[in-house]
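Me: I am new to this structure and would like to go through it step by step. Please show it to me, and then I will ask about its parts.

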Amino acid sequence: MSKPLVAIIMGSDSDWPVMKNAAQMLADFGVAYEASVVSAHRTPDLMFQFAESAATQGFQVIIAGAGGAAHLPGMVAAKTTLPVLGVPVPSKHLQGQDSLLSIVQMPKGIPVATFAIGDAGAANAGLFAVAMLANQDAALAEKLAAFRKQQAEKVHAMELSEKP
Ligand code: RP5
C-alpha cells in the first residue's frame, strides 16, 4: 500500500474495537492509514510529538478517538493545522456522553469535526476522511459515489415482513 494519508489515533487500546470501524472503512476504500495509541494525559509528550510531525510525515487527515474527559482530539488539533476528526468513544459510566461533550465543545479558533458516539461515528469519520481525500482523487470520488449508490439500492430493496 502507498504512504498513509490518514492517521488514526486513540487514547487506549481499549478504544480500538470502536476505532476499527474507521480503519475498516478506509481499508474498504483502499485508503492507506496508520493506527496507533497516543494518550493525551498518559503520554502528553508523545501526543505533542505526533501532532507536531503529522503534516511533515505526509498525513492529510487525523482521526482521533477518546473516551471520558476526551481531550486528545482537541489537544492534537491545537498542535497541527491538519483537519482533526474527533470520535467520542463510549465510556463506562456515562456511555460516551462525556466523550461527546468534551470533543464537540471546542472553543472558537481550534476546530475539531466531531462525530457520533461509538461505532457509527468512527465509521463516518472514516467515510468523511475518504470524502476529503476524494476532492483531489477522481478514482476515490468514483468509489464513494458507487458506495452511496449501493447503499441506496439496499434501501430500495428493503421489504417489510408481517404487516398487520
Ligand atoms: C481514555 O480513557 C481512552 O481514550 C479510553 O477511552 C479511556 C479508558 O482507557 P483505559 O483505562 O481503557 O486504558 O484515555
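Me: In what order do the strands of the open sheet lie?
Reply: This is a predicted model, in which local features need pLDDT of at least 70 and side-chain atom pairs count only at pLDDT 80 or more, while totals for chains, interfaces and linings use all residues. Residues are numbered from 1 along each chain as its sequence is written. Strands (E, at least two residues) and helices (H or I, at least four) are DSSP runs numbered from the N terminus, and two strands pair if DSSP finds at least two bridges between them. The open sheet has five strands with parallel pairing, in the order S2-S1-S3-S4-S5.

Me: Which strands are the edge strands of the sheet?
Reply: Strands of a sheet pair through backbone hydrogen bonds, either parallel or antiparallel. An edge strand here pairs on one side only, and the two that do so are S2 and S5 (113-114).

Me: Which residue of S2 is the bridge partner of isoleucine 9?
Reply: S1 and S2 (residues 33-37) pair in the parallel sense over five bridges. Within S2, isoleucine 8 stands opposite alanine 35, and the bridge partner of isoleucine 9 is serine 36.

Me: How many of the residues of S1 are buried?
Reply: A residue is buried if 20 or more other C-beta atoms, placed from the backbone, lie within 10 Å of its own, exposed if 12 or fewer do, and partly exposed in between. Val6, Ile8 and Met10 point one way from S1, whereas Ala7 and Ile9 point the other way, and all are buried. The number of buried residues in S1 is therefore five of five.

Me: Why are the buried residues of helix H2 on the same side?
Reply: The buried residues of H2 (residues 44-53) are Met47, Phe50 and Ala51. They lie on the same side because the directions from the helix axis to their C-beta atoms cover an arc of only 95°.

Me: Which residues are exposed on the other side of H2?
Reply: The buried residues of H2 pack against strand S1 (6-10) and helix H3 (72-78), where contact means C-beta atoms, placed from the backbone, within 7 Å. On the other side of H2, the exposed residues are Asp45, Glu52 and Ser53.

Me: Is phenylalanine 48 buried, exposed or partly exposed?
Reply: Phenylalanine 48 has its place in helix H2. Because 17 other C-beta atoms lie within 10 Å, phenylalanine 48 is partly exposed.

Methods: Contact = placed C-beta atoms within 7 Å.
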